[in-house]
Amino acid sequence: MAEAHPVGFQWVMEAKKRGAKVIHVDPRFTRTSALADLHVPIRAGADIAFVGGLINYVLTTGKFFREYVINYTNAATILTEDFADTEDLDGVFSGLDREYRLYDMETWRYRGEEVRPAVGERSPEETITRPTPGQLRQIRAAGRGERHGSGGAACHPAADTDETLQHPCCVFQVLKRHYARYTPEMVAEVTGVPEAAFKKVCELITENSGRDRTTAFVYSVGWTHHTIGAQNIRSASILQALLGNVGRPGGGVMALRGHASIQGSTDIPTLFDLLPGYLPMPHVYGNEDLSAYIAAETVQKGFWANTSDYLVSLLKAWWGDAATKDNDFCYGYLPRLTGSHSTFDTVLAQLDGVCTGYLLLGQNPAVGSANARVQRLGMAKLDWLVVRDFSLTESATWWQNGPEIETGEMRTEDLKTEVFFLPAAAHTEKDGSFTNTQRLLQWHHTAVEPAGDARSELWFTYHLGLRIREKLAAASAASAEETAEMDRPVLDLTWDYPVKGPLEEPDAEAVLAEINGWGSDGQPLSTYTQLKDDGSTTCGCWIYCGVYAGAVNQAARRVPGRQQNWIANEWGWAWPANRRVLYNRASADPDGRPWSERKALVWWDGETSRWTGYDVPDFVADRPPDYTPPDGATGVAAITGRDPFIMQADGKAWLFAPAGMVDGPLPTHYEPQESPFANLLYGQQHNPVRQIISRPESLYQPSGNEPGSEVFPYVATTLRLTEHHTAGGMSRFLPYLAELQPAFFCEVSPELAAERSLEHLGWATIVTARSAIEARVMVTERIQPLRVAGRIVHQVGLPWHWGLNGLTTGDAANELTHLSLDPNVHIQEDKAFACDIRPGRRPRGPALRDLVREYQQRAGITPQTGTQP
Amino acid sequence: MTQVENGQPDRAPGREGRGGRRRRRDDALMVPDAKFTSYYGRPVIKEPAWGVPDVPGYLFLGGLAGASSVLAAGAQVSGYGELARVAKVGALGAISLSAVALVHDLGRPERFVNMLRVFKPSSPMSVGSWLLAAYGPVAGAAAVSDLTGILPAAGTAATLGAGLLGPGIATYTAALICDTAVPGWHEAHREMPYLFAGSASCAAAGLGLLTLPPAAARPARTLATLAAPAELVTKRLLLRRLGDIAEPYETGRPGRLLRAAEVLTVGGLAGAVLGRRNRAISALAGASLLAASALTRFGVFEAGLATARDPKYTIIPQRRRRDRRGMN
Amino acid sequence: MSVSTHRGAPFASGPADAGGGLDPAARSGYTDHPPRMGFFTDTSVCIGCKACEVACKEWNAVPEDGLELTGMSYDNTVGLGASTWRHVAFIEQPVVAAASTPAPAAAEGVRWLMASDVCKHCTESACLDVCPTGALFRTEFGTVVVQDDVCNGCGYCVGACPFGVIARREEDGQAHKCTLCYDRLGAGMEPACAKACPTESIQFGPLDELRERAALRVADLRADGQAQAQLYLDDPDDGIGGGGAFFLLLDEPEVYGLPPDPVVTTRDLPNIWKHVGLAAAGLAATGIALGLGRRSR
């Protein structure tokens, strides 16, 4: 965290000053470790084994927060008897279709859901009478996992429970059984974490959880960039739910997001599978019209029950007056998913000649995306490419100086892609917001106008839209009705933001106001509960409703901390409704009293009959703790007074996830796509439903006990340095940053250096089945060899910031990575793979590809290698 | 004020005698097998920015000039007119070259006049700049008057004036280099002025012996016989004072320069004495003494730089001193 | 032309009075000046982010000075100089754990020290003392600043500094160093590095307050088992009269590249002048003796 979020890390230091203990789990000892109380070295990719071990410890020692677990989690819920766990099936769950690489989740349900659910409770899969596996695969491929990530998976709200937690099919027992093999000894063997360190972590987190103390988990891409990335997070959520650390001050599972407003980029998404506010993008199956969509996506309990309010208000924001009840509020204008349309699918479509145009806005896939070479090969097939950035990044110049030009695989004069480079304005040159880890929106103001032709994204998109609409309108007027019909989605958009200044910059606050929404009276709304599905409200993103309440830019508030209480809710604005801690009802016991004075956050005030406290209560404001819904209650009314997890179908935190995760209801240790080790825990080596893309340009290496796996005996992991930023476009070109880390280097332990004759400050070549790169060598004791499965394993650390352009240049680490993705969210696995390393610089020209081919042959690699489910 | 005067720690009682060449005068500087830590072997202080040959060259030339003015005054008063002239011209020449070297060494030569913005006794360079500003014209007047015969009375006054300022010119440069953090110079600050005075005198004497027949250069010979031994003895004392910091004075390139200087000084002294009737030997002796003086300045300069470059010369004595004080 | 007056302790730029070391501005002739301002750099909370290095360069338009991988851990800046006024040092130290821990690696663990170094703005400042042009001067805040329009690049300050801070910049031949953001102080703002530092490792304020705070902090660390935690240059009785910028270190100074017992060279200057005077007198006396002889005809 200190490396990638130094400014945010000041709060960790502040906590430390107040006595908090900081534990850092990482393959390397980094600047975070230097300030931590305990550094736990771990084999990259073994995180579920580690957290699973912690879960097992908590369960076997009984150190979970009992009252919290029974009341606020689904621990007591009884599952269907058809469920088979990894314990029964040697590493997979019931319902696996290996051929289509998907799970049928039928057997993961709560007991009592065997009866076919009534209309309004079906998942998209169920609205088709009998989806073929192919159709099911296309639906699953679309993922839309983020939507479930905010709790809205379809599930029956009233399930059978056993509050004694003894029933063999209750979640608690299933959980216990599932993690029983994750003993401290097993953890040490699989992860390489020394037993003493593991024990210490167990003690620290359990001592520091409960009524009076809380523990927080903080993670970033070290946990998400895996084929089991989403499950990594799930494992921490389970642990935190067991320890009673969710919805409480100083607790939680915090994703560090904020670089380039990445939290905002899923809230108001730049993702193919989501609409703003985590509404799922409609799928061609099951979401044919508005009512089908509402039926499929609405959950019967909790705030997702109001899905139609959110969606219709969104449609009104986009199509304004053109959206009416008669035309389903223009629902038909929304695109439909037919499967996965992730960035990697896009690249494949480019390679296959299907996708012929590409816009890269502040994105540098030639350096930053997995298998950088495939990214460039794809771009070489395009008709046109637009790159908007501050400097000529590698994605703008691959046609001129990319690695394929050097190897001779491409010749500039033969390439047909027309490349446009448009300069972009920096964040100091435009108004806008950032949304960070805490769902906090903070406004930034234009400090200086952009120079020359540089423009903001807002300007670009808006003015591009104006010109496209002009052309379409002209073409429409002159053409046949069908064509005119095809253009309506663009022409009917509300596209009339006010502009200001000599550059005609769209007024970002006007956009914010639209995101916030207004009622039929044109006044800004202040909360999402005001949204309606009758077309009278407009709201560009329901979770952001309230950010412009009272026509005040709440995100621009900057009341200093010293003028507020410790929750400081007048700095910026957090969604939803400025709640700073999500699910904070859980900070009070079932009777509405804080678990302890020390950890009081919100509580029930009997006198005023309202929830109150330091934070905005994340609950129905006037619902008493003893409220029990009447039979047949639905939606918000169905939330009891003791259900803090108001976005979940059953109001509970899910230890077991009956829906929402395509690769299993419980996190399970699988080895990464490429690993020198066989899975010690199960016969199942990999995540059986991970997304695979294997083609000649992107082959996998053998793993574990497969022949040829010894050709790549080292674990490789990519990493960040404080001095550089992501794919380097914002740091390698700046002298003050370039001089701080002026060369691409790899980090190796002294032992690995000795084994492979690597010299400090010398050169090394790192090789995978995709490519070979060269790096300067930094020999350091901050990387320790680990003992895994009875033998020593070495890890190689690779910063991924470098590319061939700029003041400091070097090979890109992503030349080495493969295309195996997390199936829930289509994220690349670049945090754990396997490699070889040798002294000296890499070959130049065609000899580079010869070297890679030689390795592929030696390892016996074919397009089938590594593709087994 | 700190209780421990810089470089002069309390003597450790019951100090074991080591005998031999070096009696330990300053224990802080003597840490034979000390291990020490540094930051990746990087220097702690910065090497002076002064350039070679400009500054060591100036040390030599300035010394030559100042001592020559003294010799010129003495020679003039005692009737050795040719020697006085040679010395005055030599002083003017040397000081002119000095000025060129000094201005050239500045990072902003066009701003050399800024040296006269202030007068700061805390800055040997300030004192020196003012000395030079006074001495230069006076030495120039003395030489010009002698060469042209114009205003002889003024010339004599100038000669005496230059002779009065000369000692300052010849010795202040010791303060210049010793008033730094460079261990090889700073720790030698008690001896360096005498070394410089001696070396300058040898150079001035050498110039006289080189250019004149022995009979006409008698005061120069006298000067040499007084200054050369004094210089040699002073140098020994200086090295002993430095203890382990003397290492670069005795090894490597500076060591070679200084050993050569010593040989040439001894040879020059012998030649001056033995050659008092022999022009050739006397001239050779003069040349030796001049060369020795130059080599001495370059050797001292480079030895100092070496002590700045290697962190051990800064760290070990300071660590010793600090530990002895009991502070930690 | 002005005569630089230095009262009290011979030639020193700072106060000689015991218990002083806190008011060099008064010694330099300022009356009615603001409190002495300085830095307390608490290296125990430094995260090595180098925001201080970048903020300093941006504010002061200091040029980039080297794109060379050094291999000195994460320190590619190497040291303070004319174009580096904040330098973050990185020291990786092996830590040997208790014998009971079985681990394959030779080193049981690592400690990584990080520290942001800066000009010390000494109370008794050698660079200031030796500057012949008066380019270096003491500000009303007690800091030491180079006037860029006066410095003629004589380089004397470079060898005089006991910490190796100030240096001459090749591009313009002049000496440059940290100004403690004199321009920002004048506007009531804190220096750029202090502002940028996310963990308050760099603390800026009145020096006496900083010293009090530092004393408490080091006591806390020691009580917590960090026996090597120490303050450096906080003591007005030390060899430079205490620093306007002082530090909390977690190991000996030389580990960080700092001199263990720095003393301003000016302390010896009276003695130096004395010997110069004697040597000069000796030379003059020799000259007189030479003049007493008479040439035999």
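This is a short tour of a predicted model, chain by chain and then into its cores.

Residues are numbered from 1 along each chain as its sequence is written, and chains are lettered from A and ligands numbered from 1 in the order in which they are written. Because the model is predicted, local features need pLDDT of at least 70 and side-chain atom pairs count only at pLDDT 80 or more, while totals for chains, interfaces and linings use all residues; side-chain values use heavy atoms, with hydrogens and water left out.

**Chains**

Show all chains. Chains A and B have no contact, and their closest C-alpha atoms are 14 Å apart.

**The sheet in chain A**

Select residues 357-361 and 418-423 of chain A: these are β9 and β11, the edge strands, each pairing on one side only. The sheet is open, with three strands in the order β9-β10-β11 and parallel pairing. Strands (E, at least two residues) and helices (H or I, at least four) are DSSP runs, numbered from the N terminus, and two strands pair if DSSP finds at least two bridges between them. Neighbouring strands are turned by 10° against each other on average, direction ignored.

Asp389(A) has Pro423(A) of β11(A) as its bridge partner.

Axes are lines fitted to C-alpha atoms, for helices over the stretch in contact, and angles run from 0 to 180 degrees between N-to-C directions.

**Chain B**

Switch to chain B, which has 11 helices and one strand. Of its 328 residues, 59% count as buried (under 20% relative accessible area, 1.4 Å probe, protein chains only).

**The cores**

Select Trp185(B), Met192(B) and Tyr249(B), which are among the residues with the most contacts inside the largest nonpolar core, of 174 residues. Such a core is a set of buried Ala, Val, Leu, Ile, Met, Phe, Trp, Tyr and Cys residues joined through side-chain atoms within 4.5 Å. Helix α4 of chain B (residues 152-178) gives the largest share, eight residues.

Centre on Met192(B): beyond its neighbours within four places in sequence, its contacts include Ala174(B), Leu238(B) and Val300(B). Finally, select Ile55(A), Met105(A), Tyr544(A) and Tyr670(A), which belong to a second, separate core of 133 residues.

Technical notes:
Contact = heavy atoms within 4.5 Å. Buried < 20%, exposed > 50% of the residue type's maximum accessible area, 1.4 Å probe, protein only.
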